[in-house]
Amino acid sequence: MNSPTNTAPAPAAAAGTWRLGDRTVNRLGFGAMRLTGTAPFHGGAPRDRDRSIGVLRRAVELGVNQVDTAAYYFSATRSANELINQALAPYPEELVISTKVGPGRDPSGAWWWATPAQLRGQVEENLRQLGRDHLDVVNLRVPPSRRTGSIGEHFGALAELREAGLIRHLGVSNVTAEQLSEARSVAPVVCVQNPFGLGASDEDRALLRLCGELGVAFVPFFTIAGAGRESGPTAEDHDAVHAVARAHGASVAQVRLAWTLQQGPHVLVIPGTGDPEHLAENVAAGALRLSAEELARLDALRPANSDGTGSN
């Protein structure tokens with residue numbers, strides 16, 4: 001006898017949905033950077049392969065239908081794209097996989113930056129690793145050295161690949177408002193991926209609001225890590241964050257995610273982990289609702305450094 005169908009909503013749906021072009025996704029997604037090791041890229045110890053595959057499959061079971069990755073997410077023994085392919089192919093129809101191009105790493109792990117002509121090769125590498133004939137979303141990741149320069153030529157190269165059918169939708173990452181405007185003058189932009197979280201600068205908050213006004217998804221990274229960035233969360237969190245966490249019986253990471261999600265209905269989060277318990281905790285944050293008073297207390301936090309990179 002068939003078991004009864006479970007009609008309860010998936011936990012990842014608790015944060016609501018948003019449209020990425022013609023695709024609807026749950027606002028709480030998953031980032032693949034930490035699948036390959038205990039530290040990103042060549043740092044730390046390699047993750048257990050079966051454990052990482054299990055985390056991906058569990059994420060989908062919990063309702064995650066947007067996964068963020070990149071071909072340069074690899075360690076000495078693991079590739080995030082290959083793990084995604086192994087875990088999730090054949091891919092569910094509702095699953096949206098976003099990737100990034102611009103940065104690249106050679107087999108030794110050394111970094112390089114693509115010219116416009118080299119972007120096609122990076123797109124094709126993602127296609128091969130993921131086992132797909134097109135990519136759902138490709139974000140042009142802008143290097144820190146070019147955050148004040150033009151991205152039109154690079155974005156135009158991706159727009160040509162979109163017209164050729166290799167890419168479904170385009171986004172930009174690590175950009176300024178001016179660069180977003182330039183990209184939108186070339187081709188439609190469905191999302192902006194920038195670092196953002198508690199203690200964000202006024203400039204970062206203004207870009208988040210601008211995306212909302214334009215109907216563009218804002219997909220922050222380092223939301224949990226904060227000033228720790230690739231190395232992970234720092235031990236120094238403001239007393240206000242801990243107080244809110246205690247009031248809800250939640251973790252600091254969950255408060256950080258909930259605060260970010262409540263910055264606007266167009267805000268998506270992509271916390272990453274290689275730990276199944278952390279995965280469940282992150283997904284549960286989608287149901288956490290902070291009060292207006294709690295939001296105001298956390299909104300008041302500002303970076304310690306003038307460049308916006310200090311801890312809270």
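Which strand gives the largest share of the lining of the largest cavity? That share, three residues, comes from strand 4, where helices (H or I, at least four residues) and strands (E, at least two) are DSSP runs numbered from the N terminus. This is a predicted model, in which local features need pLDDT of at least 70 and side-chain atom pairs count only at pLDDT 80 or more, whereas totals for chains, interfaces and linings use all residues. Residues are numbered from 1 along each chain as its sequence is written, and side-chain values use heavy atoms, with hydrogens and water left out.

**Confidence**

- The mean pLDDT of the protein, pLDDT being the predictor's confidence in each residue on a scale from 0 to 100, is 91, and 90% of the residues reach 70 or more.
- Over residues 1–5 the pLDDT is below 50, and this stretch has zero contacts in the model beyond near neighbours in sequence, a contact meaning heavy atoms within 4.5 Å.
- Residues 228–233 also have a pLDDT below 50, but beyond near neighbours in sequence this stretch has 14 contacts in the model.
- Where pLDDT is low, the predicted coordinates should not be read in detail.

**The cavity**

- On a 1 Å grid over the protein atoms alone, a cavity is a set of points where a 1.4 Å probe fits but cannot get out, while a pocket is an open set with protein on both sides within 12 Å along at least five of seven lines; lining residues have an atom within 4 Å of a point.
- Grid points are joined across faces, edges and corners, and a volume is the space filled by probe spheres set on the points.
- The count comes to one cavity of 30 Å³ or more, and about 60 Å³ of space lies in the largest cavity.
- Its lining is made up of Leu-20, Gln-66, Val-67, Asp-68, Ser-98, Cys-191, Gln-193, Val-219 and Ile-270, with strand 4 (66–68) and strand 10 (191–193) each supplying at least two residues.
- By class, this lining has five nonpolar, three polar and one charged residues, where Ala, Val, Leu, Ile, Met, Phe, Trp, Tyr, Cys and Pro count as nonpolar, Asp, Glu, Lys and Arg as charged, and the others, Gly among them, as polar.

**The second largest pocket**

- About 250 Å³ of space lies in the second largest pocket, which is lined by 16 residues, with Ala-71, Tyr-72, Gly-104, Arg-105 and Glu-125 lying nearest its centre.
- Strand 6 (103–105) and helix 3 (119–130) each supply at least two residues of this lining, and helix 3 gives the most, with five residues.
- The lining of this pocket divides into six nonpolar, six polar and four charged residues.

**Aromatic pairs**

- There are seven aromatic pairs, counted when rings of Phe, Tyr and Trp (its six-membered ring) have centres within 6.5 Å, with planes under 30 degrees apart called stacked, over 60 edge-to-face and the rest tilted.
- Phe-41 and Trp-111 form an edge-to-face pair, 5.1 Å centre to centre with 90° between the planes.
- Phe-41 lies in the loop between strand 3 (30–31) and helix 1 (49–61) and Trp-111 in strand 7 (residues 111–113), so this pair ties together parts that are 70 residues apart in sequence.
- Phe-41 counts as buried at 16% relative accessibility, whereas Trp-111 is partly exposed at 42%; buried means under 20% relative accessible area, exposed over 50% and partly exposed in between (1.4 Å probe, protein chains only).
- Phe-196 and Phe-218 form an edge-to-face pair, 5.6 Å centre to centre with 85° between the planes.
- This pair links distant parts of the chain, 22 residues apart, with Phe-196 in the loop between strand 10 and helix 6 (202–214) and Phe-218 in strand 11 (residues 217–218).
- Phe-196 is buried, with a relative accessible area of 4%, and Phe-218 is buried, with a relative accessible area of 1%.
- Ring pairs link Phe-41, Tyr-72, Tyr-73 and Trp-111 into a cluster.

**Backbone**

- A cis peptide bond with omega of about -5° joins Ala-89 and Pro-90, and Pro-90 is found in the loop between helix 2 (80–88) and strand 5 (96–101).
- Phe-41 has a positive phi of about 60° although it is not a glycine.
- Asn-174, a residue other than glycine, has a positive phi near 65°; Asn-174 lies in the loop between strand 9 (167–173) and helix 5 (177–186) and is buried, with a relative accessible area of 8%.
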